[in-house]
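Please take a moment to look over the sequence and the model shown here, and then follow the walk through them below.

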Amino acid sequence: VCFFGDGTTNIGAFHEAVNLAAVWRLPVVFVCENNWYMEYTPISDVIPVELPAADRASAYGLDRVVVDGNDVAAVQRVVGDAVTAARSGQGPSLVEAQTYRLKGHSVADGGAYRPAEEVAQWRERDPLLRTRAALAAAGADTAKLDEIDARTKGELADLAKQVLARPVPEPSSAWTDVWSDGSWQWRN
């Protein structure tokens with residue numbers, strides 16, 4: 001399974017990978033996380049179709065698959081079906097999950113180019129909030145959900161502390177384990 005953003009669909013390597021996977025019927029599930037902005041630019045400003053992955057799928061002989069990326073159960077079902085198909089020899093799938101990033105593209109990006117109303121509308125569709133509401137509607141004990149939420153936040157805070165307490169890696173270590181034999185030098 002390969003995850004990428006909507007902006008990636010304008011890069012040659014994306015098209016090459018999907019094309020070869022389709023030609024060779026490789027067991028790959030490509031998942032485009034379409035958050036409607038490639039870095040700082042609305043994806044609609046730079047592509048001639050509405051959906052950057054799904055509307056191009058037919059060019060590779062693949063089905064147009066779109067899922068609400070903020071619906072955890074729907075994503076599990078759609079991607080699960082694609083994985084099952086890949087494992088059974090049916091070749092690749094190209095799934096477009098429509099979602100939104102509530103923060104900027106990077107730490108340096110305040111996201112001022114996005115309308116506040118748009119961000120607020122998508123915030124209401126937050127997948128964690130929607131999943132919690134679905135669980136509560138299905139009869140889950142809300143006190144238990146609160147407990148799980150608090151425990152998870154605590155585990156994440158502890159993990160962050162552990163990571164931040166570790167020594168900074170030596171810059172030279174960036175060149176280790178690039179290849180499976182542990183080396184880093186390019187070879188033909």
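This is a predicted model: local features need pLDDT of at least 70, side-chain atom pairs count only at pLDDT 80 or more; totals for chains, interfaces and linings use all residues.

Residues are numbered from 1 along each chain as its sequence is written, and side-chain values use heavy atoms, with hydrogens and water left out.

The protein chain has five helices and six strands, where helices (H or I, at least four residues) and strands (E, at least two) are DSSP runs numbered from the N terminus. Along the sequence these elements follow the pattern β-α-β-β-β-β-α-β-α-α-α, and the C-alpha atoms of the chain fill a box of roughly 55 × 45 × 40 Å, taken along the principal axes.

Helix α4 (residues 127-137) and helix α5 (residues 142-165) have axes that come within 10 Å and cross at roughly 150°; such axes are lines fitted to C-alpha atoms, for helices over the stretch in contact, with angles running from 0 to 180 degrees between N-to-C directions. That angle makes α4 roughly antiparallel to α5, a term used for angles over 145 degrees. Where the two helices meet, Arg-132, Leu-135 and Ala-136 of α4 are in contact (heavy atoms within 4.5 Å) with Thr-142, Leu-145 and Asp-146 of α5. The residues of this contact divide into three nonpolar, one polar and two charged, with Ala, Val, Leu, Ile, Met, Phe, Trp, Tyr, Cys and Pro counted as nonpolar, Asp, Glu, Lys and Arg as charged, and the others, Gly among them, as polar.

The lining of the largest pocket divides into six nonpolar, two polar and four charged residues.

The second largest pocket is lined by 17 residues, of which Leu-62, Asp-63, Val-65, Pro-92 and Ser-93 are the closest to its centre. The elements giving two or more residues to this lining are α2 (72-87) and β6 (93-98), and α2 gives the most, with four residues.

Terms used
Angles under 35 degrees count as roughly parallel, over 145 as roughly antiparallel, 65 to 115 as roughly perpendicular and the rest as oblique. On a 1 Å grid over the protein atoms alone, a cavity is a set of points where a 1.4 Å probe fits but cannot get out, and a pocket is an open set with protein on both sides within 12 Å along at least five of seven lines; lining residues have an atom within 4 Å of a point.
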